[in-house]
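Student: I'd like to learn how to read salt bridges in a structure. Could you walk me through some?

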Amino acid sequence: MTEEPVGPQQATTLLAEVESTGNRLHFHWGLGNEIFCCSSLNKDVQSTISVGMESDQVSTSTCIRWGHLGAIHRRIAYDTCSKYMEYASMKQLGRKKGGTRHSLTDTGASQGALVFAQSVSDILGANTLYSTDESDETLQILEEKALWELICSFVFDSLVGEQPSGAIPDISSWYKANATALQGGVDQTPISTELIEFMQHVDVPELEDRYWATFLRLVSLGWISDALDFLGLHTAWLQWDSSNFEQGLSVEGSNTPPEIIVLENISSILRRFPTLRDRGAAGPSMTRQFDALGEMMSFRQAWLKKCLDLKNDSEMWNRCDQTAPETSKACLECLEIVLGEENAMKRSVMSWCELLIAKLAHKYPDLDNLSELKHMLQTCLVQMHSINELQDSVASVISSSCEMNHQGIIRACSFSVSDWFLGHITAILEAHPSGPGPLKHELLHAGGDQSEFYRLDYASSLSPSPLTWELAAKYFGFCKSHGKHAFEQLLDKLPLTTDGKLAHRAVILAETYNIEHLKYSVYKRQGALCWQNGLYGLGAQWFSRADDIYSMDVSLGGIVFDAGDDHRLMKSTSENQLHSTEQCIRSLIVPADLEYASNFALITTKICANKKTKGSFELAISTIRRVDRRLGIQCAQYLMTSVFALEPGYLDREDLILFMEYINASEGQNASLSRRKLLELVALLDIRSMS
């Protein structure tokens, strides 16, 4: 929530008044998630205030906003907006062509949803990849990325029918990609920067409890490549002469250190860890990869037998226990983990989430039923607790996703995500083969469906910021029930500025959505703002674009003023001001009838009299012809000073007669001299016509 002073251009109207002791509070809704409030003291209280008291103690105003977007969230908003517009437009086009609303059997529809989901995931990752801090905003985005990818994995993994493991998402890879968020910070991940630095400064890593605890944790999570790297830090490798190592790793008659034999056997077992290609977090080229689940399970049976035989080699373990007991104990526990012993897995992991991943990797790698996954999740939750609130949300998301309970998923996310997340995740849930379900049911209290409700809520958080209000307008375009009204409210309440930049952008949006009355409303508001700030020419231009001739003329009235019956023009008649006014007049859009544009006629006549060219005199007479007699007489007075610049051929006989008729209504020496000049020009034209 932020509080900002209300600018002078943000004039508010009274919405509610709440009386309290000695003062009154005024509230007014602004743009979206924004409220203006003003506190002012009553007159009887103000009279008791000392003269030396600051003025803000008498009256204060604030702007209250919620759902405010930080710098990173604004970048994400800009990046995802275009992706969402592209996807939503594709869906609308498909419906117009007669496609079903949520048919994921259609390749184009499913591919579009998948591309959108992956694009958003890439955007979230890119905006946190180079973040060096652990601010609340950064951690929130990491959490939203984790939840986004988890939900997408349940929606799209079940969509792709050729997945070798059926409908079970690749939770192990997801956990590794989002470990920072799930553990609550960079220093809490299984392989943190702090842990790596610690190990680099330790002479004998295997004597540290953290070394073996991390190794066993990595094995449990299925991060086999990382586990092998950690195992390589063991100092026994540096002390061992490989030329003395006997082929076959036989213990009898070998001079090889016992811990080396154990380490080589464990490394060999882990390098043969069976995995499915492109799934899991074991790491490429470090394990035995298979394309089919049946082939993997067949190899796994033989591999597990070797693991069991190695575990039962008591002589090897006894020898190693005498020289390196910590190595013997940890490696033996590593075998228990890969053999699927729950107690060993439970001792090595930190939370229910890691326990679930360990079970899927080492005990139930062929699990292909979401109901069984949900049951396993509930068992893990009983056995171990969560380490933060995000893991609680993750547990609820997985449980609801196993049944594709849209409401349960949204409910689980709503306590820890931003409006941005809820405004977009519904598009992913609608893409599931089961359809949008209740997301498309009308909410009686809101008048629209739930998906639109979240989009409107997100757009409301974008509206107050001058950096993101245009994004809000675009999202309103995809809200069927309330989008148009919200769009109109947004443009009607924009805090326009005198430079007109905001008005131009608003007009472009109104033209994009073909809302003509809204475009003219912006023209009038901008014209009124310029007029109020003394920019009469600019105000007239904006009013003319709105075809509001009366308001245009009122704005031009700031350039002229009345002095009794003698209507004087322009407070200053310098050449620069006349030129500037002329440019303004030329840009105006004026109808043929000048009945309500007297100021325009007066200014135009004055400018023409100043220029004294053939074209200017023709324009002046044309203007006089389009006004009533009284105004025509006033306009003719400004031409009297320039009548001596008239040359034969500038005006025809009818124009000269009209000009002279209006001058006849005036008195004074200038009028007499002007009449004489006009009579000479008429006589000259008559002589030429007779000849």
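Tutor: A salt bridge is a side-chain nitrogen of Lys or Arg within 4 Å of a carboxyl oxygen of Asp or Glu. This is a predicted model, where local features need pLDDT of at least 70, side-chain atom pairs count only at pLDDT 80 or more, and totals for chains, interfaces and linings use all residues. Residues are numbered from 1 along each chain as its sequence is written, and side-chain values use heavy atoms, with hydrogens and water left out.

Student: Is Lys519 buried or exposed?

Tutor: Buried means under 20% relative accessible area, exposed over 50%, and partly exposed in between (1.4 Å probe, protein chains only). Lys519 has 10%, so buried is the word, while Glu511, at 42%, counts as partly exposed.

Student: How many salt bridges does the structure hold?

Tutor: There are 17. One of them pairs Glu354 with Arg217, with the closest N and O atoms 2.6 Å apart. Glu354 lies in helix H16 (residues 352-362) and Arg217 in helix H8 (residues 209-221), so this pair ties together parts 137 residues apart in sequence. Helices here are DSSP runs (H or I, at least four residues), numbered from the N terminus. Both Glu354 and Arg217 are buried.

Student: Which residue forms a salt bridge with Arg505?

Tutor: That's Glu470, with the closest N and O atoms 2.7 Å apart. Arg505 sits in helix H24 (residues 501-512) and Glu470 in helix H22 (residues 469-476), linking distant parts of the chain, 35 residues apart. Arg505 is partly exposed at 30%, and Glu470 is partly exposed at 27%.

Methods. Helix = DSSP H or I, 4+ residues; strand = E, 2+ residues; numbered from the N terminus.
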